[in-house]
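Visitor: I would like to walk through a protein structure with you. Could you show it to me?

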Amino acid sequence: IIPFEIVLESPLEVYRGKIEILDVNDNPPTFPHGSIALQISEASAPGVRFRLESAEDPDNGINTVAAYTISSSEHFSLKTQKTEDGFIIAELLLEKSLDRELQSSFQLLLTATDGGTPQMSGTTQIRINVLDINDNPPVFDHDIYRGSISENSAKGISVLKVKAHDVDEGLNGKISYSFSDVAVLKVRNLFSLDPDTGEIRVGGHLDFEETKVYYLDVQAIDHGSVAMTGHSKVLIKVMDVNDNAPEIQVTSASNKIPENAPPGTLITLINVMDRDAGENGQVRCSLPKNIPFKLQTASDHYKLITSEMLDREAISQYNVAISAWDLGSPSLSANITIQITISDVNDNAPWFAESSYNVYVMENNAPGASIFTISAMDADIEQNCYVSYSFVDNHIENLPVSTYISINAINGTIYGFHSFDYEELKHFQIQVQARDAGVPPLSSSAMLNVIILDQNDNAPIFVSPPVQSGSAAMEIVPRSAGQGYLVTKIMATDA
């Protein structure tokens, strides 16, 4: 089975599925050996069963071993039984008492067939040698033994003990324990069986997450000249311990979110898993306090969403630490940090340091020279903070603005296009606008007070008495004029 995930964007969703690879019947059952050798005492009573070596088929389901048959015999028949895990065990049943003096050996053909279509089969020879005496096999106290062990148990820890009895005497009644041929190699590597005491101990590393239950087939063999065998089953349950920390998986198309995103906006999906069972596999997840994000629980995952409005100008990036812990004892935890970048929106207009500026310009200035530079700032970034400058007013003293001054739209430098004359224009006002390049654009303005400074560029002019041809008019003074008599007033002006 191959699991997979499909991630969709806009809106962000996750779908999970599994691909199951179906088996076809392309392998016949095979026996590990070309023949099976059995030694059966002539004293064996009808009804005695002899465990046969099982056939193996790498296919699964109905395509694996489904049935066993043997060739016809008046002394033997075949019995099969299915274990709790679906494994078929074949046993040779003695139907009629044997007489070694009449027939000392038998050869039977054992056939294993699978349940596939078309049906496939495999065969092996059963070679039976009839011997004398030792006519009682060992018998276990229980048909099935049950035990449990923690997955973190060290090698050598005892799991349980099996016990068999043999009513024969001497070597015929002495028993040795072992795993039968039915027990797979993996089980033999994980558990050991003491041949003398029947005690089963841990022999390898157990992992609850890999296998939760083990089925063992044990046998007791006596030491008679013709050894007899008794069989029993052992079921061992592996108990879970909290040995797996939670695993955090983040599924996200992008961790960038605009600062004007409303509360509840989805940022990313978070899956938290724990391979343990019970409380050891129950997981909780949390975020730090005092951040504008929160976790929302979904059916089998978490959603990281915004919990309040964001402001890129205050904080442009968050490193959000996500913590997950299980409910085991002691608890295990995992942490992951997600970097969330707040993208800018045009929510700040350009602004001037002052609402108005006084610009002093000496008259007779050189046309085209810079007279002032004005600057505005914008708290946004990139395109939203690119500022351009312009004049709001189009005329000064009923003349186009361009007659007097111009402004560089990029850097805010103001140039005088006209040589000002204090005697004609002493001051004027014009409004300067700063506009950003955002969508929609935002703007603000400031007042520019341009004050023309005087230079001594005009000579005095007599206005009284009147001057004609560079000479003043003649004044007549009467002879009778006494001291202090006002003859005339001399007046001059300077622009």
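Visitor: Which residues does serine 54 touch, not counting residues up to four places away in sequence?
Guide: Serine 54 touches Phe31, Pro32, Tyr68, Phe87, Ile88 and Val182 when residues up to four places away in sequence are not counted. Contact here means heavy atoms within 4.5 Å. Please note that this is a predicted model, in which local features need pLDDT of at least 70, side-chain atom pairs count only at pLDDT 80 or more, and totals for chains, interfaces and linings use all residues. Residues are numbered from 1 along each chain as its sequence is written, and side-chain values use heavy atoms, with hydrogens and water left out.

Visitor: Where is serine 54 found?
Guide: Serine 54 is in the loop between β4 (49-51) and β5. Strands (E, at least two residues) and helices (H or I, at least four) are DSSP runs, numbered from the N terminus.

Visitor: Is serine 54 buried or exposed?
Guide: Serine 54 counts as buried, at 11% relative accessibility. Buried means under 20% relative accessible area, exposed means over 50%, and partly exposed lies in between (1.4 Å probe, protein chains only).

Visitor: How many aromatic pairs does the structure hold?
Guide: The structure holds 10 aromatic pairs. One of them is formed by phenylalanine 31 and tyrosine 68, and this pair is tilted, at 6.4 Å centre to centre and 55° between the planes. Rings of Phe, Tyr and Trp (its six-membered ring) pair if their centres lie within 6.5 Å; planes under 30 degrees apart count as stacked, over 60 as edge-to-face and the rest as tilted.

Visitor: Which parts does that pair tie together?
Guide: Phenylalanine 31 lies in the loop between β2 (13-19) and β3 (35-41), while tyrosine 68 lies in strand β5 (residues 65-70), so the pair ties together parts that are 37 residues apart in sequence. Phenylalanine 31 is buried, with a relative accessible area of 11%. Tyrosine 68 is buried too, at 7%.

Visitor: What about phenylalanine 293 and tyrosine 318?
Guide: Phenylalanine 293 and tyrosine 318 form an edge-to-face aromatic pair, 5.1 Å centre to centre with 85° between the planes. This pair links distant parts of the chain, with phenylalanine 293 in strand β23 (residues 293-297) and tyrosine 318 in strand β25 (residues 317-326), 25 residues apart. Phenylalanine 293 counts as buried at 5% relative accessibility, and tyrosine 318 counts as buried at 14%.

Visitor: Let us change topic. Where is serine 232?
Guide: Serine 232 is in strand β18 (residues 229-239) and is buried, with a relative accessible area of 3%. Its side chain reaches the backbone oxygen of histidine 142 at 2.8 Å. That is a polar contact, meaning a pair of N or O atoms within 3.5 Å; within protein, one must be able to donate a hydrogen and the other to accept it, and residues adjacent in sequence count only if both atoms are side-chain atoms.

Visitor: Which other residues is serine 232 in contact with?
Guide: Leaving aside neighbours within four places in sequence, the contacts of serine 232 include Phe140, Tyr145 and Leu216. Phe140 and Tyr145 also belong to an aromatic cluster with Tyr177.

Visitor: How many residues has the largest nonpolar core?
Guide: The largest nonpolar core has 26 residues, and among those with the most contacts inside it are Tyr389, Ile405 and Leu448. Such a core is a set of buried Ala, Val, Leu, Ile, Met, Phe, Trp, Tyr and Cys residues joined through side-chain atoms within 4.5 Å. Elements giving two or more residues to this core include β28 (356-362), α2 (401-404) and β37 (443-453).

Visitor: Which face of β28 is covered?
Guide: The covered face of β28 has Tyr357, Val359 and Val361, and the uncovered one has Ser356, Asn358, Tyr360 and Met362.

Visitor: How many bridges join β28 to β37?
Guide: Seven bridges join β28 to β37, and these strands run parallel. Two strands pair if DSSP finds at least two bridges between them. Tyrosine 357 has leucine 448 as its bridge partner in β37.

Visitor: Lastly, where does serine 97 lie?
Guide: Serine 97 lies in the loop between β7 (88-94) and β8 (105-114) and is partly exposed, with a relative accessible area of 42%. The C-alpha atoms of serine 97 and valine 487 are separated by 178 Å, and these residues are 390 residues apart along the chain.
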